[in-house]
Amino acid sequence: MAAIKITENLYSVGILNPNMRIFDVVMRTEYGTTYNSYLLRGEQKTALIETCHKTYFEQYLSNIREIADTEQIDYIILNHCEPDHSGALAELLSLCPNAEILVSRAGAIYLKNITNREDLKIRFVKDGESIDLGGRQLRFNSAPFLHWPDSMFTWDEQDKTLFSCDMFGSHYCEPHTFDYNIVYPGQYQQALKGYYDAIFGPFKPYVLAGMEKIADLPIERICTSHGPVLSRGCLMEQVMEQYRAWSQPAAKEQKSIPVFYCSAYGNTGKIAQAIAQGIKEALPEADCPVYDVNDHEMGFLQGELNASDAFAVGSPTINQDAVAPIWNLLSHVDAINNKKRPALVFGSYGWSGEAVPNLTARLTGLKSSVFGEGFKVTFVPSDEDLCKAKELGKAFAESL
């Protein structure tokens, strides 16, 4: 990808990565991504907004040099310091002797550890602070937890352009810069929603707060850090409305208390049903589905867990541990929004019974509010065991 002109003084100089399939270890990126970076020229000064992943430095440098010599760059603005934004910075700085790095206060701290350099010419900018490029002012708006504590927006009043960091972005790569050139709109929408769910889903109140900060801006385009540039009259308004809708607090008419389990010989399953029966006795209005994890798509189950008010999870003990599907389920717990969420652990075992304490330790580490010490049954649960499981489910529900 070469440099692309956006307005008379603004250019996209970022990188396409159509082959990326996993981002941040856990997020699938079926449609690749882009590492967006923008070069903005005023009458006296030049700003580079974001850098890119260090893997693509040579191509990135070539894109920049199509527009300006690196020695002419006066500011490098990092709206967010994650390595996909800042990875090329350390190498780039040797070619930008005059550049001052502008970041939030939190970003200034992170950047030293990301670059492993103490000689950075860093200036942290406050919420509402501006700089003048000469006939062109840039204003910075703090946007914490969108999606790191260091995140901020940059607003160009003259071009009415918002540089929104990761907000409104998508891991979606086509060889086009603008939203009105998207060839596969259905795939883009899929990537947009998946990106929101993985990156911004845990920070919904902050999304709404961030949108309030920009609500009165006469935005003509949004230059995101990933995906296409969003334009007024094309996708910009739609994407902003989708973010707003997706971030609204969910209205619930009844409590959701799902019970998840795996069962080698049906014994843990019997306990699951008894616990669910007890929950329903205590809270007849509650939604209490029972899920054998092996019978359902993992993404669906993870969504059910993360949307719950409380949950129970059970596993047999095999090779002194809980079974892999249950660990897979818990590996996608939204740790931010699941803090203090009530959880109950149970399981059947034959010899040593480590599954229940191991799952309890995991949920405790996630800051869930684990109910009691868990419930274990040796081999096949008796009628008495099932009565105890039912009573446990009832007590768990009554504690909510």
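Which residues are buried in helix 8? They are N267, T268, G269, I271, A272, A274, I275, A276, G278 and I279, where buried means under 20% relative accessible area with a 1.4 Å probe and protein chains only. This is a predicted model, in which local features need pLDDT of at least 70, side-chain atom pairs count only at pLDDT 80 or more, and totals for chains, interfaces and linings use all residues. Residues are numbered from 1 along each chain as its sequence is written, and side-chain values use heavy atoms, with hydrogens and water left out.

Helix 8 has 16 residues and spans 23 Å from first to last C-alpha, close to the expected 22 Å, which is 1.5 Å times one less than its number of residues. Helices (H or I, at least four residues) and strands (E, at least two) are DSSP runs, numbered from the N terminus.

The buried residues of helix 8 pack against several elements, including those in this table, with contact meaning heavy atoms within 4.5 Å.

| Partner of helix 8 | Residues |
|---|---|
| strand 18 | 259-261 |
| strand 19 | 290-292 |
| strand 20 | 311-314 |
| strand 23 | 375-378 |
| helix 12 | 383-398 |

Seven strands form an open, mixed sheet in the order 1-2-7-8-9-10-11. Strand 1 (4-5) and strand 11 (122-124) stand at the edges with a single partner strand each, so one side of each is left without a neighbour in the sheet. Strands pair if DSSP finds at least two bridges between them. Strand 8 (residues 46-49) and strand 9 (residues 75-77) pair in the parallel sense over three bridges, and L48 stands opposite I76 in strand 9.

Notes
Buried means under 20% relative accessible area, exposed over 50%, partly exposed in between (1.4 Å probe, protein chains only).
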